[in-house]
Amino acid sequence: MKYFDIMKTFCSKLDINFSNQMYEKFNIYMEMLIEYNKNINLTAIRNRDEIVSRHFLDSLSIFNYKIKYNSKLCDVGSGAGFPGIPIKIIRSDINVDLIESISKSPANTWS
């Protein structure tokens, strides 16, 4: 649960209500990322603490800016799905398109 507390604290500073459902989605995403990374090099970051701090929280820093409801976002060069997937987990109203030229990305399995 320490990841939940870290993310909840970070999100509260951004006026985001970080729910248990969001935590579960981030946890599933992290486990998928770690599993994919065993066979395909998606990211050099493999440690759970660093995934949270250097991928998840970094991706959510966009919420320092007010983003309108039902906005559209295009994540070009999405790679392992950063920042697009974390943004979508936090704000399901945002339409996020992930674009990656290499089809090895786990982002291909998320909608």
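Which residues have the most contacts inside the largest nonpolar core? They are M7, F18, F26, F56, F63 and I90, and the core has 30 residues. A nonpolar core here is a set of buried Ala, Val, Leu, Ile, Met, Phe, Trp, Tyr and Cys residues joined through side-chain atoms within 4.5 Å. Buried means under 20% relative accessible area, exposed means over 50%, and partly exposed lies in between (1.4 Å probe, protein chains only).

The model is predicted: local features need pLDDT of at least 70, side-chain atom pairs count only at pLDDT 80 or more, and totals for chains, interfaces and linings use all residues. Residues are numbered from 1 along each chain as its sequence is written, and side-chain values use heavy atoms, with hydrogens and water left out.

Helices α1 (2-13), α2, α3 and α4 (84-90) each supply at least two of its residues. The most comes from α2, which gives seven. Helices (H or I, at least four residues) and strands (E, at least two) are DSSP runs, numbered from the N terminus. F63 is one of the core residues with the most contacts. Leaving aside neighbours within four places in sequence, F63 touches L14, I16, I87, I90, R91 and I94. Contact means heavy atoms within 4.5 Å.

Next, the helix pairs. Start with α1 and α3. Their axes lie 11 Å apart, and the packing angle is about 20°. Axes are lines fitted to C-alpha atoms, for helices over the stretch in contact, and angles run from 0 to 180 degrees between N-to-C directions. The two helices are therefore roughly parallel to each other. Angles under 35 degrees count as roughly parallel, over 145 as roughly antiparallel, 65 to 115 as roughly perpendicular, and the rest as oblique. The crossing of α1 and α3 is right-handed. That label applies if the near helix is turned clockwise from the far one by less than a right angle; anticlockwise gives left-handed. On the α1 side, K2, Y3, I6, M7, F10 and C11 take part. They meet R48, D49, V52, F56, L57 and L60 of α3. These contact residues divide into nine nonpolar, no polar and three charged. Ala, Val, Leu, Ile, Met, Phe, Trp, Tyr, Cys and Pro count as nonpolar, Asp, Glu, Lys and Arg as charged, and the others, Gly among them, as polar.

How do α2 and α3 cross, left-handed or right-handed? Their crossing is right-handed. The axes of α2 (residues 20-37) and α3 (residues 48-60) come within 11 Å and cross at roughly 120°. This pair is therefore oblique. From α2, F26, Y29, M30, E31, L33 and I34 meet R48, I51, V52, F56 and L60 of α3. This contact has nine nonpolar residues, no polar ones and two charged.

Now the loops. D15 sits between α1 and α2. Its phi is near 60°, a positive value in a residue other than glycine. D15 counts as exposed, at 66% relative accessibility. N70 lies in the loop between α3 and β1. Phi of N70 is also positive, near 65°. N70 counts as partly exposed, at 48%.

A44 belongs to the loop between α2 and α3. A44 is exposed, with a relative accessible area of 72%. A44 and S71 are 27 residues apart in sequence and 31 Å apart in space, C-alpha to C-alpha.

P83 is in the loop between β1 (72-76) and α4.
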